Amino acid sequence: MIAPNPHSIATQMEDVLRNLPSGVVVFDAACQVAQINPVCLELFKLRLHPAELIGLGWRALFDHMAPAFDDPELELDRIKTLIRQDCPDQGEIHLRGGQTLLRHYVPFVRNGEIQGALWQLQDVTAIRKQQGQLEFLTDRDPLTGLLNRRGFDRRLKMLEHHPLGQHGFTLALFDLDDFKRVNDTLGHPAGDAVLTEVSNRLKALVRLTDMPARIGGDEFAVLMPECRTEEQAVQIAERLISAMAVPMQVAGSIIQQGCSIGLAVQRRAGDGNPAMFQRADLALYDAKNSGRGRFKLFSQRLKHQHDTIHQQRDMLCDGLRQGQLQLYFQPVLTIEPEASRFYVRKLEALVRLRDAQGQLRRAEEFETALADAQLGVKVDRYVLDAALRQLSTWQRQGLQLRLAINISPHHFAHPDFVGTVRERLAAHPDVRPQDLSLEITEHRPSLNLRVVNSTILELRRLGLSISLDDFGTGNASLAHLQQFDVSVVKIDRSFVRDLLQDGIDLSLSYGMLRLAQMLGISAIAEGVETRAQCRALCLLGFRHLQGYVFAQPMPAEQVPVWLGRYESDLSWLAALSKPQILDAERAVQALVSHRMRARKLLAHTMDATEVQELLHPQATQRCDLGLWLAQQAEQCDHEPQYQQLVQAHTRFHQCLMAAVNKNDADADLQLSDSSTAVHAAFWDWILHTVENKKPDRG
Ligand code: C2E
Ligand code: MG
Ligand code: MG
């Protein structure tokens, strides 16, 4: 065997190094240059021969190379660490002029000792440039030049782990309101022009460190690493909304393009839920739902609401699939003092759901799911059928009853709705349309007035009656009363609840009843829970009442039993069915106007004539309540409750005088207290009187 020639091996090594396309430096155990090839010298633009560098320490070699580094200090730090490292490493070196080198460090380790190391440097500038261009193309939206969804997701992920995001950041998602209309009416080029203008406004508003993106058709997002508090986020959202609200000129038309914004603020990286996108998305959903052109901040409350909605939907879906819905019925009572009688001809059907645990759930427990566009329609179909079936069963039993059913607002506004009703009625020919009443609730925004109105008209022509449910809680109660041809309004139970406590609810209920009467619409007071409320409502003039004090909603089979005994169970109502007691209605008017007077005085909005009237020496006798009290004196003078009311009334007028003359906080407080006292004494006396009048059976 021929021994290898050490000289020829060294020559071969030199040849290899000289011809390698990448730069190579070999260090010995003392960290001195053992080999360096010409490519390496070229990379660092060193006009030296390799032989001049051999034997230099690493630091001396670095000094030669330093002017070529983009950041010499950074590189020095890296080399200091690497030179003692016993495992291989790879990284990038940035040179001045934009050049990028890929660096491999390979230590020679023997018996745990570093015997030397090889550094290999490869010029990857061209490859990186191509990658950058490719990334730009795949990460950008071609229309607006903003990041696209992919680019945005990558930056969001990076930010969650990058030092820039460690102190928290904000994610804003926004959606153009009604953008589809622009595309549909003005065409797609106009739509593109709007999107471009929106993106320009966005670019003009954000900071250099912010990352705006177009993440879907009309959906945009901004990542804001320097926005770390909710206050800052709110300011930015307000600026964005007003910038977008400025009208823009597109395709010869002026367009006002609103937007809705959802915000999620992460105070510190890793402060809980990392799902920033879902959080902002939830806030955006909430913003859109609560009317457009708004922003909402993510909060735990919002998450809870969202979870509840989902649970309710799941529960209702399961119930529908497994046939676990059932109707309960609550009677509506009619009191006719003029004819000295009360009776029940009508019931309201209320849906109930048996859940997976066998528990019966009230509609209130899944009310948001009932308002869902798709689920609501399915429930309504079930309710319509079940109600019509029940009506014919009762008819066969000789019970002449009318039924009110609740309809989901989405369904009511659906173009097929009237057709569905007509079809279901045709399937139950023994039921007269007059026996069916449909309740629509008006507390949801965005009822399309034109559609709702024409649906109401068609249904009325079919013979059905329409009720406005939860009246007084919506945005446009009065307008709806005037616009829609409804037959019944149901005054929301919140007014009834506070009737005896608060003078304002008294005047509102009273006002709503009078308005309905003027328009020839009957009014039902719902949620009547106590006899006192029932008496007060009768005094106000209500003739139709519904609530637990008469009956809880009950299953169909209990209805005939209840009907058979309610007259005796509710015999206390007989006292209310006496016409003479209702003289008190005038007193209610007086009480309401009294209360309003105190309010006006306290708010300093009274005019001079009214003040003059208050200061009149006979004011206590001349006011409406005074006149009415005087009328009752003959019959009631001996009643202590009456006397208390007279005293409270006198004191109220004294306080009024004091408040006019003194005009200080103490006098105002006394006036307010004395007004409350009149209110309490009034109901004490009225309800006591009604209670103690013997029913007139004559
Ligand atoms: P609503 O139509 O205003 O029905 C009255 C609600 O008040 C019913 O609750 C009823 O049980 C309850 N209620 C009756 N009297 C009293 C009372 O004296 N005090 C109190 N605190 N509550 C009383 P429920 O059945 O849970 O229904 C809640 C809402 O769900 C209904 O309000 C209605 O908007 C909706 N809903 C009920 N059934 C249906 C249905 O079949 N279809 C649709 N789309 N919605 C329904
Ligand atoms: Mg109802
Ligand atoms: Mg209601």
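**Stop 1: the two magnesium ions**

Select ligands 2 and 3 first. These two magnesium ions lie 4.3 Å apart, and D469 coordinates both. Keep in mind that you are looking at a predicted model.

Colour D470 and E526 next. D470 sits in strand β18 (residues 465–471), while E526 sits in the loop between β20 (522–525) and α21 (531–540). The pair links distant parts of the chain, 56 residues apart. Both D470 and E526 are buried.

**Stop 2**

Are E348 and E439 buried or exposed? E348 has a relative accessible area of 4%, so E348 is buried. E439 is at 2% relative accessibility, so E439 counts as buried as well.

**Stop 3: the backbone of D470**

Stay with D470, but look at its backbone. What is the phi of D470? The value is near 50 degrees, which is positive in a residue other than glycine. D470 is in strand β18. The relative accessibility of D470 is 12%, so D470 counts as buried.

**Stop 4: H604, another positive phi**

Select H604. This residue has a positive phi of about 55 degrees, although H604 is not a glycine. H604 is in the loop between α23 (584–602) and α24 (608–615). Is H604 buried or exposed? The relative accessible area of H604 is 54%, and the cut-off for exposed is over 50%, so H604 is exposed.

**Stop 5: two packed helices**

Select residues 188–205 and 230–245. These are helix α9 and helix α10. At what angle do α9 and α10 pack? The angle is about 140 degrees, and the axes are 10 Å apart. The crossing of α9 and α10 is right-handed.

- From α9, show V198, R201, L202 and L205.
- From α10, show R239, L240, A243 and M244.

These two groups of residues meet each other. The contact of α9 with α10 is made up of six nonpolar residues, no polar ones and two charged ones.

**Stop 6: N183**

Go to N183, in helix α8 (residues 179–186). Which residues does N183 contact, leaving aside neighbours within four places in sequence? N183 is in contact with H188 and G191. N183 has a relative accessibility of 17%, so N183 counts as buried.

**Stop 7: D175 and its partner**

Select D175, in strand β6 (residues 169–176). At 7% relative accessibility, D175 counts as buried. The side chains of D175 and K288 make a polar contact at 3.3 Å. Not counting residues up to four places away in sequence, D175 touches D218, E219, G258, C259, S260, L284 and K288.

**Stop 8: across the model**

Finish with Q122, in strand β5 (residues 113–123). Q122 counts as partly exposed, at 33% relative accessibility. Show S22, T100, L101 and L102. Q122 touches these four, not counting residues up to four places away in sequence.

Last, select V486 and zoom out. How many Å apart are Q122 and V486 in space, C-alpha to C-alpha? They are 83 Å apart in space and 364 residues apart in sequence.

Conventions. Residues are numbered from 1 along each chain as its sequence is written. Chains are lettered from A and ligands numbered from 1 in the order in which they are written. This is a predicted model: local features need pLDDT of at least 70, side-chain atom pairs count only at pLDDT 80 or more; totals for chains, interfaces and linings use all residues. Side-chain values use heavy atoms; hydrogens and water are left out. Buried means under 20% relative accessible area, exposed over 50%, partly exposed in between (1.4 Å probe, protein chains only). Axes are lines fitted to C-alpha atoms, for helices over the stretch in contact, and angles run from 0 to 180 degrees between N-to-C directions. Helices (H or I, at least four residues) and strands (E, at least two) are DSSP runs, numbered from the N terminus. A crossing is left-handed if the near helix is turned anticlockwise from the far one by less than a right angle, and right-handed if clockwise. Contact means heavy atoms within 4.5 Å. Ala, Val, Leu, Ile, Met, Phe, Trp, Tyr, Cys and Pro count as nonpolar, Asp, Glu, Lys and Arg as charged, and the others, Gly among them, as polar. A polar contact is a pair of N or O atoms within 3.5 Å; within protein, one must be able to donate a hydrogen and the other to accept it, and residues adjacent in sequence count only if both atoms are side-chain atoms. Donors are N, O and S atoms within 2.8 Å of the metal (3.2 Å for Na, K and Ca); water is not among the atoms, so sites may look incomplete.
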